[in-house]
Amino acid sequence: MPGLSRRKFLLGAAGAAASLDLSQHGGQRAHVAGLVRAEARPAVVVARGKDEHSPAQILEAALGPLGGVAAFVKPGQVVAIKPNATWAYPPHTASSTDPDLLRALILMVREAGAKRIILMDHCTLDPGTAECLATSGLGPVMDELKVEQVFPDRYLSPEDLFTTVKLPKGVAFQELGVIKAALEADVRINLAVAKSHLVTKLTMCLKHMMGFLQYPGALHAQLEQGIADINTESAMQAQLHILEAIRVRMPVGTRTQAGGDETEITDPQRVKRFNEIVAGTDPVLIDAYGCVNYYGVDPQELAHVSLAYEAGLGEIDVQKASESGRLQYYIVGQATPTPTATPTSTSTPTPAASPSATPTGTQAVTATPTVTATPTPLPTATAEPPTSVPVATVAVAANRKGEGEVLNPNGILNGALIPAAAVVAGLGIVLRHQLGRQDRPQNDDDGPSRGTGAGGNAGDSSQGDDGESAGHGDGR
Amino acid sequence: MAKAPGMAMAAEPRRTARARFGLTDKLARKLVQLGFLGLFLYPIVPVVYRRLTFKPAPTLTSWLLPWDPLLLLGQVAHRNWPTVVVGAPLLLLALTLLMGRSFCGWVCPLGTVLDLVRSLAFWQRRWARPVRRLRRNSWARYYVLVAVAVGAAVSLQVLGVLDPLVVFQRAATTLMADFFSLRQPELRIYLAAVSFVFVAMLALELWQPRFWCRNLCPLGALLSLGSRYSLLNRRVDERCDGCGECARACPMRAIPREAHDTDYSDCSFCLDCAAACPKGAISFGFGALAGRRWQRLGHSLKAAGKRVIPGRYVSAPAVWPSRRQVAGGIAAGVTGLALAPLLDLAGHEAVIRPPGALSEREFVRACIICQECVRACPTGGLKPTLFGAGLAGIGTPQLVPRQGGCSLSSNCPQICAQVCPVGAIRPVSPSGWKIGLAEVNHHLCLAWDQGVKCLVCVEACVVGAAQVYHGRVTIDPNKCTGCGRCEGACPVAGSAIHVKPLAHA
């Protein structure tokens, strides 16, 4: 049982750390390097862990067969990482990138010798970047690791943060505004989250690239084609795509009045654990895998995925890819591709790993071999909320802490200064009375004589000076 | 023996030391002025920080407006009790009994700005007029004060336009905070709309030193009332030979032709006269000199090469306004009362006001256009109105959804209401408010016109008012709050969805 012993080892490591255990990471990579020499390197790797595995461990297992981060990041390079930081919801709602996963990736990239690490995303929705980063827990992680951050806020950011990129193979868009720092980087890592979406139904790696744009909203004029366009070969293309499916936000029902399933909405409270991370260089295949396995949807059904496939951006047939070894499947703790890496079992949520696996999962399994023939309709929600804490309350509470503080000194200025004003006014009146009485007789008699006296004796300048200082004393 | 040369030496250095001392005082005043300027500008810093770094920062209310005695006067007339700050302005008024109009010379941020601007006006120095041709300060500022105070009973608007502290707050906010919110091609229009009085003040300053403060400032007039009895005073000793340098240097023109006298309702204790005096004859101290005047005794003498003016300070009769001045004051009050309704006469269309704003008519009359809400708005959606709300509404805040929506429903604790110094924006429940109604332009909307599944507005809507019906966007008028996030998010150039003010919806 080599896998079991390794798992024991991993569990021991996991007990110590929310952060990445580097020594263990190095060992794994050395092991995998030997493996990779033996067979062709896959384009996409799926790593599945269990609830007790940390995001760092699952990520490591996913990147290992690809050659680790070192296969993508050379020492001295500038690396741009784009997490999902658009929604101000806490981490357990799977609305944004998991902070622990982000921490693990940053540490890996740093270990690979990156010169600069720039984190970026364009948050276009209220309540804005600051609250989003604070609530999602991503901000503290980035501050702690001291990485560069470029997070434009709701189109409010200065123009010089952006530049334009040419998309020579774009169909709908040939030129788009993007975050300048994204083009300055040598390597772009697209750290996406699997979610469902209003227009495109599902959003994974392909659509996630929109966060690099200056005007993500403008892409909506031709959204599906636009998503395919920004993934074509260009200066903004990502070198590594990582799809986080540790927790996945599930769709909840359809709005019947909205004319069918085109307006699938998601509820951040409906989150299901898959404990998977999919990484690779083929975003179409990653999205296709996600469609089949997390949502049980035929990827051909999604316009943006099929358009990207037609543009030659990757493989859409999950079954074919896994047979050819282009898609490989690993269980965390096992260094070799699992024998269950055939399409049927690929999409099977193993009962041991995911006790809350739903019938939709198995339905997707049976559908996979004949996927083009019978597209599966989008499933309705069956997953239970991860926690009893209402998400909206959590998010709003965190937000109000960030932005809501208004510091107002008026209470003090109003109450405490009334007696002060009374004292000052009284002092003024009393002093004036006192001083007036004191020096009036003296001044009336003395003043003119002093003036003339000083004038008369002005021949002696020292006398004049003395007279002046004496006059001071009188005046006071 | 050794004493005579020693004394002869002592006279010269003493005088230069004195002159240098005057310069040090002047420098100290500049530092104090700049310190207060920085202090009053500081509340802008967190806003700029937040807009540049996108990190959360607390919002600070103005540190200047609570000190404004004129605002207190206006609010008492306007009966805005919950937002009235009493202590600080009263303290400021009480301090005039001790230190006269020192506030104008040392603290007032507008005065500081005017002083800085004046240092550029080199021609004023070259063309310094002889003393006898300097005109005395007019009583106009008292008329302005009466007009503002009486008019405040009807509308605070006139007060907001002319109150120097509000003028400063407005100009600084517009220049700095708005500059950093960027993405505003109309910025220059906004500047023109809300800063015209400020620009006029700067122009007047280039013409004559402290013209505004001496002749027109209503706050200065208010402070003048107590300053007549200031304990801090200026005294001129017997070394004065009446050369008139002090009167020429005085930016407040507080020194009449008789150089020993001081008009304490004008003097801001800026110490410029002490620094300018070639004889070092001017000093400042506390005493009961404010009610006195200098009485010459006989003719000036010449002794040992020095011209000496003999005389003494004697009690002066109290100054009462003449019948003509009283009539002028009454006329000013009537003008103030008439001004607000006159401004209201100019017809206007409705604009989107921030949530919790008083009814349009009351709002325009309560708003002092200080731009505090514009500065503090976390989304940058509040902007000063140009002519959209009529003459009386110039500079009042309106929501411009294309610049940013209202986030009261999602996370804003209604910052605009919290920073409003006059209670023109009142707190409302985050769930029960409505400032407008969104309308979809079917000819422009991608979903309506081209069948494109855009639906950005549906995504942006936080109250579920924007809905999809057979692929088309519809607005639920009962749910829509008019926050304008849909309008801000729409990818169509100029937006295909517009929030209409409630009066027009």
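What percentage of the 505 residues in chain B is made up of buried residues? Buried residues account for 53% of them, where buried means that 20 or more other C-beta atoms, placed from the backbone, lie within 10 Å of the residue's own.

A word on the model before going further. This is a predicted model, in which local features need pLDDT of at least 70 and side-chain atom pairs count only at pLDDT 80 or more, while totals for chains, interfaces and linings use all residues. Residues are numbered from 1 along each chain as its sequence is written, and chains are lettered from A and ligands numbered from 1 in the order in which they are written.

Chain B holds 23 helices and 13 strands; these are DSSP runs numbered from the N terminus, with helices (H or I) of at least four residues and strands (E) of at least two.

| H14(B) | 218-227 | nine of its 10 residues are buried |

Among the buried residues of H14(B) are B:Pro218, B:Leu222 and B:Ser227.

Over in chain A, A:Ala185 sits in the loop between helix H7 (180-184) and strand E7 (187-193). A:Ala185 is buried because 23 other C-beta atoms lie within 10 Å. Its C-alpha atom is separated by 4.8 Å from that of A:Val78, 107 residues apart along the chain.

Notes
A residue is buried if 20 or more other C-beta atoms lie within 10 Å of its own, exposed if 12 or fewer, and partly exposed in between; C-beta atoms are placed from the backbone.
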